[in-house]
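Please read the points below alongside the model.

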Amino acid sequence: MRYLWLISVAVLPTGAMLNDMATPEARVARERDLYLAVLRVLDAPDPLQPLQDVLAGLVELADAQRAGLELYGEASAGRREWALFHGCSDADREEIRALTSRGIVTSAIAAGKTIHTPHALLDARFSSSPSVKGQRLEAVLCVPLSGRLPGVLYLEGRRGAGPFSQELVAFTESVARYLGTAAERALVRQELDAEDPTRPFRQRFQLEGIIGRSTALANVFAQLAVAAPLDVTVMISGPSGTGKTQLAQALHANSKRRAGPFVELNCAAIPEGLFESELFGAKPGAFPGARRTVGKVEAAEGGTLFLDEIAEIPLAAQAKLLQLLQSRQYFPLASPKPSKANIRLITATNANLEQQMRERRFREDLFFRINVLTVRIPPLAERREDVGPLVEALLERLSDENGLPRLRASPACLAACEAADWPGNVRQLRHKLEAALIHASAEAASFVEPRHVFEEAGPHATGPLSFHEATRLFQRDLLRRELDATDWCVADVAQRLDLTRQHVYNLMKAFGLSRDPQSAGG
């Protein structure tokens with residue numbers, strides 16, 4: 001898929017900006033601000049807004065008519081397939097798309113050199129171009145970008161203002177050296193967003209607490225879309241640490257009970273002797289020294305009660321929970337009369353309840369009552385595309401929670417995390433990242449690196465491989481075999497392994513796989 005990146009900034013209708021640049025001090029300050037904007041582009045996980053700031057700053061510094069940053073899928077610059085505008089209305093966008101000259105852009109990309117013409121309409125190289133004649137272009141500065149994709153940084157002067165100064169040309173060339181990679185990174189992010197199968201669900205439901213963009217997660221959201229509006233009991237299944245609590249909260253937030261309370265009870269954390277009072281509450285005299293206590297059922301009145309690890313409920317309490325679901329009534333301890341309950345029940349478990357029923361540790365009638373609708377959360381091993389976004393979100397959250405500098409994961413660290421196995425799922429990933437963030441902050445590192453997250457064995461380590469090490473070796477060898485079999489065509493490898501192209505690139509980085517130059521090209 002080929003893309004175009006274009007941001008266009010329209011000049012203000014007055015000469016105020018030119019007057020602001022009247023003194024050398026003002027110009028130096030403006031150049032300093034532009035360099036700071038470039039630094040923000042290089043450091044930002046999403047460089048869109050900093051890129052807009054750079055272009056707006058260039059327009060102001062140069063007293064230009066407009067500026068554009070463009071990427072193309074081919075050097076001909078004959079077609080722009082995607083555009084993002086700044087500083088113009090929707091009605092102006094189609095006109096803006098044709099403003100920059102294809103001839104000038106193609107010449108700059110083909111030559112790999114800056115094109116600066118004081119008056120394009122009088123320049124024999126470009127005067128016959130329809131866009132030049134149609135727009136009556138005068139001063140144009142077009143600087144090719146560095147990076148994998150052909151692209152330019154484009155400045156168009158105001159009519160009658162004359163050519164751009166040599167100082168401005170040199171400054172723009174300096175800025176352009178840093179923008180190619182940043183623009184490509186923005187395109188990758190846009191491509192991922194466009195291919196995000198969870199986007200339609202995120203537009204309809206409140207799902208901010210659940211991070212990821214995998215197809216597996218989209219399937220979870222599809223199940224949530226069915227279950228959330230209904231006032232029926234839902235059972236969430238899945239391995240430990242996958243985020244069942246977050247999904248239960250999302251079910252509540254998107255239900256008709258969203259205005260009511262969400263009450264959580266971890267059944268595994270309550271001693272057996274206290275479970276009934278914790279769940280149903282107690283009246284004075286229920287046991288020596290007992291006072292009236294509010295149980296979780298009463299606390300959840302009008303809202304949702306979430307019972308996590310429901311397999312750990314004692315058998316005696318299971319009978320009373322069944323009565324609650326059947327009659328919508330319950331008896332607090334020592335209460336002579338029942339209380340009515342208006343709640344929705346959501347349960348979660350990582351246990352095999354069918355096996356527990358066969359072993360008579362879980363009531364069969366209760367199982368069928370709580371298993372009206374089931375939503376399964378897959379482990380991270382089944383949704384590796386979610387690891388990268390999880391790493392970024394967790395590092396930001398952990399930085400705030402611990403009062404540490406906001407450090408991002410390096411590209412190598414993101415790739416290594418995506419390639420790793422996480423048997424403890426999101427919980428394990430969080431704990432590893434927290435320790436890594438602490439170590440990286442103590443070193444005053446600029447990024448969280450793989451060495452902060454993983455304790456790799458030394459080169460002379462002996463003994464059998466761990467499961468994690470053996471899995472990584474298998475993944476590396478499999479990926480290399482597929483790359484060799486497809487003549488290192490990443491698109492073909494992605495199709496054969498049922499992965500996204502970006503995931504294949506990340507795995508290649510994580511395993512240090514690169515093609516032998518001598519074998520390329522036959």
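1. A search of the whole structure gives 16 salt bridges, each being a side-chain nitrogen of Lys or Arg within 4 Å of a carboxyl oxygen of Asp or Glu. Helices are DSSP runs (H or I, at least four residues), numbered from the N terminus.

2. This is a predicted model, where local features need pLDDT of at least 70 and side-chain atom pairs count only at pLDDT 80 or more, while totals for chains, interfaces and linings use all residues. Residues are numbered from 1 along each chain as its sequence is written, and side-chain values use heavy atoms, without hydrogens and water.

3. The second largest pocket has a volume of about 570 Å³. A pocket is an open set of points on a 1 Å grid over the protein atoms alone, where a 1.4 Å probe fits, with protein on both sides within 12 Å along at least five of seven lines; lining residues have an atom within 4 Å of a point. The volume is the space filled by probe spheres set on the points, which are joined across faces, edges and corners. Of the 25 lining residues, G241, T242, G243, Q246 and V426 lie nearest the centre. Helices 9 (215-227), 10 (244-253), 16 (387-402) and 18 (425-442) each give two or more residues to this lining.

4. Helix 17 (residues 411-419) packs against helix 22 (residues 501-511) at about 105°, with axes 8 Å apart.

Conventions. Axes are lines fitted to C-alpha atoms, for helices over the stretch in contact, and angles run from 0 to 180 degrees between N-to-C directions.
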